[in-house]
Amino acid sequence: MEASRVSDDLDWIGLAGKRAKGKRPEYFDDPAIDRLLSITMALVGEVSVMRQRMDTIERLLDTKGVVSRDDIERFEPDAEGAYERGVQTKAYIARVMRGVQQAMEAMASEEKPVEEVSRELKEM
Amino acid sequence: MKHDVAPPYTAVARHAVFPDPSHDEAARFDFLANFNKYMSTTLGPGNKRAYDIRILPAFEKEHGRAPADRFEIRRAMNKDPWHRFWSALKRNSMEMRQQNGRQMVLRQLDQLDGKVRQFNEGRDTLWLDPAVAVPRYQQAVDIHCMPGSYHGEERPGDVSAGANYDCGIFATTAGGLGALSDGGGMALVDWIKRERPGWTPRRILDLGCTIGHNIVPLALAFPDTEIIAIDTAAPALRYGHARAQALGARNLHFVQMNAEDMSAYPDGHFDWVQTTMYLHELSGTALPRIIKEGARVLAPGGLMFHLEQPQYSDAMPLYEQFIRDWDAFNNNEPFWSSMHALDLKSLIIEAGFPADSLFTTGVRAVVDETIFPTANAGDGEDHGRAAYWNAYGAWKPAA
């Protein structure tokens, strides 16, 4: 189903990736970090897609016992299933983004290095 | 605990010209919708925290005063490692939305163009005029990081720009605009039915309609009204016309025209002239011209209505102005910042409306709340994309 059905002269993969006109902001001092983050985020997205595909297969196996590719492509979760998948995706995102989220939490507390705490404990 | 999650992409309405998503294409949008929600609700407050805890104190120490405007805050925040990382993530999410949407649309472009042709050929409700140029202010950058903007074509006469725009609004708003991404238009219907019960305008004009999301609900609510929707972008109009026809809005005409010059219409031709989320995509000279042209073609007793995110004012904290400006500099919305600082009321008065004919009102997206989220304004708001707007309007005095 995902195979190209478009005229051969249209390079849909190449064209889909065209850059938008307008200078892209540089978010990091080293441009390699900008590139690496883009790759990381694309992979993060694709893992989420694979997990959802697995979930689809499992749900179909539960109800049908056997699954065709067409079943997968046509699958639409009911409201409860959609919510469960939403929660799974949310929890997955929370796991991937843990470092960013905890750096945000850390901003709110003034902490000394654990090495210092360790020295203090010796005397406590 | 009931978790706040985005609705599934499979709940997005597939009207007759909507691209057909594969399982994984839908899953990509599911990821982005939930990721954007996470970015605004869980991580978004981190920007304010960085500002309060380190950026503002450092600024005050260095300058002996608080920041004077949103630009000073932006320059200071752009040095903060946490804000930079958040911005980089968000920029990537916007770029991924574009590539995902374009892959889905372009791989089935033959079918899409064919379906659209069936709805467009031989209909007198679509008027394209190749003489209408892409406005200069639309050529500066590709708006919202959409490669090719609203005007781009991958081959002559295609609908890729319109279809890509339609299919991805779900992701950037995390489903906040409903199954047809028309929560704004539905809100207009809801508002006017309460404001003027029983009123049936003879003609309505929608400026900068793109693919007609927000005008189709009005066309369906007022089936006896003649409705004209104009835009300069042919690919958006082609798609929008087919979409409207597929949804049964037969009283809706799509016309390729620049709103700066609507001399095709006589004075006082329309009972209602409106824009939805359009003014911020213009320019400093185009915006007042368009407001004036809109006022000219509006009939005495008629309604002028402009729906936008809230304007910046002295009452709005500078930090909020700064974060609302994020899209201006990170998502190719180059007029966003200066437009939101304009005094829209004065511009409407300059266009000939008496001050006491003006009003502003808050408008919240109207969606099927059993599936789609209610618009939230406040801490977890995704500034710039929240499904909650301000309407700046005026009733033209009767002659």
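Guide: Chain B has a radius of gyration of 21 Å, and because a compact globule with 399 residues would come out near 21 Å, the two agree. Keep in mind that this is a predicted model. Along the principal axes, the C-alpha atoms of chain B fill a box of roughly 65 × 55 × 45 Å. Of the 399 residues in chain B, 56% are buried. Take the contacts in chain B between residues at least 6 apart in sequence: 82% of them join residues at least 24 apart. The element count for chain B is 15 helices and eight strands.

Eight strands of chain B make an open sheet with mixed pairing, in the order S1-S4-S3-S2-S5-S6-S8-S7. The edges belong to S1 (126–127) and S7 of chain B; each has a single partner strand, so one side of each is left without a neighbour in the sheet.

Start with S5(B). Seven of its seven residues are buried, so S5(B) is largely enclosed by the rest of the structure. A residue needs 20 or more other C-beta atoms within 10 Å to count as buried here. On one hand S5(B) pairs with S2(B) in the parallel sense, over three bridges, and in that pairing B:Ile204 stands opposite B:Trp272 of S5(B). On the other hand, S5(B) runs parallel to S6(B), with six bridges joining them; there B:Thr275 has B:His306 of S6(B) opposite.

S7(B) pairs with S8(B) over seven bridges, in the antiparallel sense. If you want a pair to click on, B:Val363 has B:Trp389 in S8(B) as its bridge partner. Helix H8(B) comes in here too, lying across S5, S6, S7 and S8 of chain B and running at about 125 degrees to S7(B). Another helix, H11 (residues 286–297) of chain B, packs on the sheet and touches S2 (203–207), S5 and S6 of chain B, with its direction making about 145 degrees with that of S6(B).

The buried residues in H8(B) are B:Gly183, B:Gly184, B:Gly185, B:Met186, B:Ala187 and B:Leu188. What do the buried residues of H8(B) pack against? Their partners are helix H9 (216–221) together with strands S5 (270–276), S6 (298–308), S7 (358–364) and S8 (388–395) of chain B.

B:Pro21 counts as buried because 23 other C-beta atoms lie within 10 Å. Leaving out residues up to four places away in sequence, B:Pro21 touches B:Tyr9, B:Ala26 and B:Met104. B:Gly101 is 80 residues from B:Pro21 along the chain, yet their C-alpha atoms are separated by 9.5 Å.

Finally, the other chain. Chain A has six helices and zero strands. The C-alpha atoms of chain A fill a box of roughly 70 × 45 × 20 Å along the principal axes, and 11% of the 124 residues in chain A are buried. As one example, A:Glu73 lies in helix H3 (residues 69–74) of chain A and counts as partly exposed because 17 C-beta neighbours lie inside 10 Å.

Where the two chains meet, 51 residues of chain B are in contact with 51 residues of chain A. The elements of chain B giving two or more residues to that side are the helices H1 (23–43), H2 (45–63), H4 (81–107), H5 (109–120) and H13 (326–330). H4(B) gives the most, with 15 residues. By type, the chain B side that touches chain A divides into 23 nonpolar, 16 polar and 12 charged residues.

Terms used: Residues are numbered from 1 along each chain as its sequence is written. Chains are lettered from A and ligands numbered from 1 in the order in which they are written. This is a predicted model: local features need pLDDT of at least 70, side-chain atom pairs count only at pLDDT 80 or more; totals for chains, interfaces and linings use all residues. Two residues are in contact if their C-beta atoms, placed from the backbone, lie within 7 Å. Helices (H or I, at least four residues) and strands (E, at least two) are DSSP runs, numbered from the N terminus. Ala, Val, Leu, Ile, Met, Phe, Trp, Tyr, Cys and Pro count as nonpolar, Asp, Glu, Lys and Arg as charged, and the others, Gly among them, as polar. A residue is buried if 20 or more other C-beta atoms lie within 10 Å of its own, exposed if 12 or fewer, and partly exposed in between; C-beta atoms are placed from the backbone. The radius of gyration is taken over C-alpha atoms; the globule rule is 2.2 Å times the number of residues to the power 0.38. Two strands pair if DSSP finds at least two bridges between them. Axes are lines fitted to C-alpha atoms, for helices over the stretch in contact, and angles run from 0 to 180 degrees between N-to-C directions.
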